[in-house]
Amino acid sequence: MTSFRLAALGACALLPLIAQAAAQINAPPSRTVKPATEREPIYLQAEEVVYDDERKIVSVVGNVEISDQGRTLMADRVEYDQTTDTITARGKVSLMDARGNVAFADEVVLTDRMRDGALKGFGALIGKTGRLAARSAERINDNTVIANRAVYSPCTICQKTGSRTPLWQVRAERVVYDQDAKKVKFRNAVMEVGGVPVAWLPVMSVPDPTVRYASGLLTPEAGNSTKIGYFLRAPVYIALNQSQDMTLSPMASTNGGQLLEAEYRVRWNQGGMWLQGSGAYNQEGGLSGTARNQTYGHLFGSGRHNFTQEWRTGFDVQTTTNNAYMRFYDISFLDRLVSDIFVEGSPGRSRFALTSYYFQGLRSSDIQAAIPYVLPRLEASFIPTQKVAGGAFRFDLNGVALGRRTGRNSHRLTGEAEWKKPFVFGDGQIWTFVLNARGDGYHFDVPAAGATPASDYTVKRGTAFAALDWRWPFVAQGGSGRSYIVQPIAQVIAQPYGGNPANLRIEDSNNFEFDDNNVFSFNQVPGYDLIETGPRANVGMMAEALFRGGKVQTQFGQTYRLRPPDPLFARLSGNSGTSSDLVGSFSVKLPNLDITDRISVDRGNGTVRRHEIYVTGTRGRSSVQVSYVQLPTSALTLGLPSRQEINAQLDLNVWRNWQVFVAGQRDLQSEKFLNTEFGLGYEDECLAISVAYRRKFTQDVILGVPPSTSVILRFNLKTGDTPIQPFSLFPRDVFALTHP
């Protein structure tokens, strides 16, 4: 057998080149044949070329490879019939088109420079994982494959003996693969999961695995709930264009009427917008009141637009027509909704923001007319890039206008200037000197109870303090990159008494939590209405161990005063009297483990007043989260009782792609469960299926939201290169392990 290699440029059809090759059979292997006119190059490589002059057939044999305009044909034997202008390839045939799709066959007959053809024993690779196999197939116009008696699956097929059945596949009498539209269409199709037929469809279409988004039906969701009965949700995805899409999710239920959820997303060069809403019609009523034929709705959304790199505007919206609607249909479990619109800028180190807020209360005790709206709130900070008198200077301006439909309205404007300068001494001590001056102006249109005059009035306040912050870090180096830090901390604040006028209305300082986050703050009270006054000192210590892959950290502190603070602080837990509670925290941060322990110890009798523990652990696809919360009775203005709860959830990867999920929330004071949830699921790169049970024990009699039990089945056939996501049966806002 003679070794032969030939490269030719400019042939107008593929196999006439082989005829030329036969005429040049004795030419050197590297010789190039050029026709009269230069065209796209065609490359041929084979071990032997045979030319049959009588039959006008040119044959190339042995490891044949032919490339033409991005298409490549490989086979054991290729024949070109000059009479019919056809190419026939036999034996381990593979054909790759210009898009990178690969087809396999036992025998292929091609025409029109390998654009069209008929294939026997056909198989094709589509994208990274898609596979199409058929008894026979034909290729038309270089962009459409029609397969007969075919099987299609986007799943990766295991190569182990006995494990080559894909997780799901579609058998069809006829399959049409449109490469331009990137769609696979089926006729007379049977869907199989694990080789078992589960559904028959007369017609069906799916996007090929290379598609990132395409309009079409999404996997439906079915279940049963004691609130709405049996339900079925059938979402539809609509790809409007490359920067816009929409999802419509109609749901029908036996006791909850009809529900339509919609989500719209759009991106543009300077920003984007997201809107999610729903509407429901329930012939049976279902919520508060006895009226039948009730309608409800909600709207969530967010939008941002950047004018420049420093300036932008945006909005956030959360609203509903009924206080119990979203909880009744398990859309959201929020009990306070916040909408806002803003404009903000960050030129240099400074910042400016103007924001308006609207709040909607969903608790049965909320009186919407008494909840304030903010129109607007001003936040401005000026921080020069250069030092002022050798130190860091900043000036902050903050203002707010609060209005109510019923009740008082108020306006406040606050200006605050601060200068600080650190001093580092040779033994490592760090002394920071701070000067602060602040002025506030208030206007109220309804006076405080018992105050005079009995009409609109104003309140003015001015205060200043000087503070000295001392820290002395001790650092020790260990082996393997370990280091240890111990740092005592002391702060002394000199400030006059009497900074909280008697007729001051408190709007933003009620939710006070004295803990490790603010123990070393010069003003520990949140908001702007209340301020700390009088001489005081904050003392404590921080210790930290750093090593490769993690750290362990702890800190504790306490506040001391010469005399008890303003009487207003008597309502605030943990920070009244001449000394505060002892507060501290302990945390462990490792790659697969996160532990945080926060504690507050009563200064008088040493009992634990407040205790919070949060633990998160992960290993592979398994994870566990546990939280314990013990909270004292909150400030009287909040009206919240003491609380002691434990909250846990477990995702356990029991075997390969199988996972179980268990979650629970228990009130330890009443010894009752608030929520429980468990389920079983399977998920890989091709298939996701889960069944879950949820029980909610809480209820709201006034709003008409009873305890409920739900069973939900989810089934998802993946059609693209979708990564495996952490296993999830329900939205986790019910069991969110966040700070209360």
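Predicted model: local features only at pLDDT ≥ 70, side-chain atom pairs only at ≥ 80, totals over all residues.
Numbering runs from 1 along each chain as its sequence is written, and side-chain values use heavy atoms, with hydrogens and water left out.

Back to F328, which belongs to an aromatic cluster with Y296, Y325 and Y329. Rings of Phe, Tyr and Trp (its six-membered ring) pair here if their centres lie within 6.5 Å; planes under 30 degrees apart count as stacked, over 60 as edge-to-face and the rest as tilted. Searching the whole structure turns up 16 aromatic pairs. Take Y442 and F444: their ring centres are 5.8 Å apart and their planes are at 5°, so this pair is stacked. Both Y442 and F444 are also buried (under 20% relative accessible area, with a 1.4 Å probe and protein chains only).

A cavity is a set of points, on a 1 Å grid over the protein atoms alone, where a 1.4 Å probe fits but cannot get out; lining residues have an atom within 4 Å of a point. Points are joined across faces, edges and corners, and the volume is the space filled by probe spheres set on them. That gives three cavities of 30 Å³ or more.

The largest cavity has a volume of about 120 Å³. Of its 15 lining residues, A103, A124, R139, V145 and Q179 lie nearest the centre. Strands are DSSP runs of E, at least two residues long, numbered from the N terminus. β8 (102-111), β9 (116-126) and β10 (130-140) each bring at least two residues to this lining, and β9 gives the most, with five. The lining holds 11 nonpolar, two polar and two charged residues (Ala, Val, Leu, Ile, Met, Phe, Trp, Tyr, Cys and Pro count as nonpolar, Asp, Glu, Lys and Arg as charged, and the others, Gly among them, as polar).

The second largest cavity comes to about 50 Å³. D515, D516, R598 and H611 are among the residues that line it. Two or more lining residues come from each of β35 (582-590), β36 (593-601) and β37 (608-619). By class, this second lining has two nonpolar, three polar and five charged residues.

Terms used: Buried < 20%, exposed > 50% of the residue type's maximum accessible area, 1.4 Å probe, protein only. 1 Å grid on protein atoms, 1.4 Å probe; cavity = no way out; pocket = protein on both sides within 12 Å on 5 of 7 lines; lining within 4 Å. Helix = DSSP H or I, 4+ residues; strand = E, 2+ residues; numbered from the N terminus.
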